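Let's take a walk through the aromatic rings in this one. Have the model open and follow along.

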Amino acid sequence: MTKAGPVRGSGKSVDRYRRRGLVVAIGALTVGSVVIVGCSGAVEGSPTPNRVQAAAYQAEVTASIAASSSKAAADAVEIAFQTCEELIRRSKDDVAVFNAYIDANNNDESDVTSKAQAAASSADEFAGWLDTATADVPAALSGLFGDLADNLRSIAGVVKRDHSPDEINSITDTTNSIRDSIRTECGAL
């Protein structure tokens, strides 16, 4: 292996660059010192607040907060309204599956067991959705959503076992009453 020889002129070039860098650095420090010294003089007078500007600033901040609160309230109502629309859609689907089970049961159809399973699954899934949707609605609706979820779980439990017509009719009446209350609250949004 051979050693590389010195690069021609490299010693002198490096020294020149170092000297130029040193001159530039000293020049920058000198200019910076002059600027700092020139700007560090005291200002005479006494500080007083500009009450007109302070009042205008406070009014602007207050208006901004009010606008932000108003937008947040409008956004919350919109989210609650969308949740109500989704509830109505899901409710229609759940009622259709439940009514198919009731018809099969009333007519002693051969597929009553599969329709009972579908009705119970639909009620359980709808109840699970209601549990998550309670965060998106006002307190009055949240409570009704919770009541409906509990009632749907009860329906699923009744449908899964042997039950009397009176038992299923009673729990269905309660469910329908809760659904009506939800529709009223959603309509008030």
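In this predicted model, the count of aromatic pairs comes to three. Start with Phe-98 and Tyr-101, whose ring centres sit 6.2 Å apart with 55 degrees between the planes. That makes the pair tilted, because an angle has to be under 30 degrees to count as stacked and over 60 to count as edge-to-face.

Where do these two sit along the chain? Both Phe-98 and Tyr-101 belong to helix α2, which covers residues 51–106. They are three residues apart there, so about one helical turn separates them. As for solvent, Phe-98 is buried at a relative accessible area of 11%, and Tyr-101 is buried as well, at 4%.

Now hop over to Phe-126 and Trp-129. Their ring centres are 6.2 Å apart, and their planes meet at 25 degrees. The cut-off for stacking is under 30 degrees, so this pair counts as stacked.

The helix to look at here is α3, running over residues 112–133. Phe-126 and Trp-129 are three residues apart in α3, which puts about one helical turn between them. Are these two buried or exposed? Phe-126 has 4% relative accessibility and counts as buried. Trp-129, at 15%, is buried too, because the limit for that label is under 20%.

One more ring joins this second group. Phe-145 is linked with Phe-126 and Trp-129 through ring pairs, and together they make a cluster. If you're clicking through the model, pick out those three residues together to see it.

How values were computed
Residues numbered from 1 in each chain as written. Predicted model: local features only at pLDDT ≥ 70, side-chain atom pairs only at ≥ 80, totals over all residues. Heavy atoms only, no water. Phe/Tyr/Trp six-rings, centres within 6.5 Å; stacked < 30°, edge-to-face > 60°. Helix = DSSP H or I, 4+ residues; strand = E, 2+ residues; numbered from the N terminus. Buried < 20%, exposed > 50% of the residue type's maximum accessible area, 1.4 Å probe, protein only.
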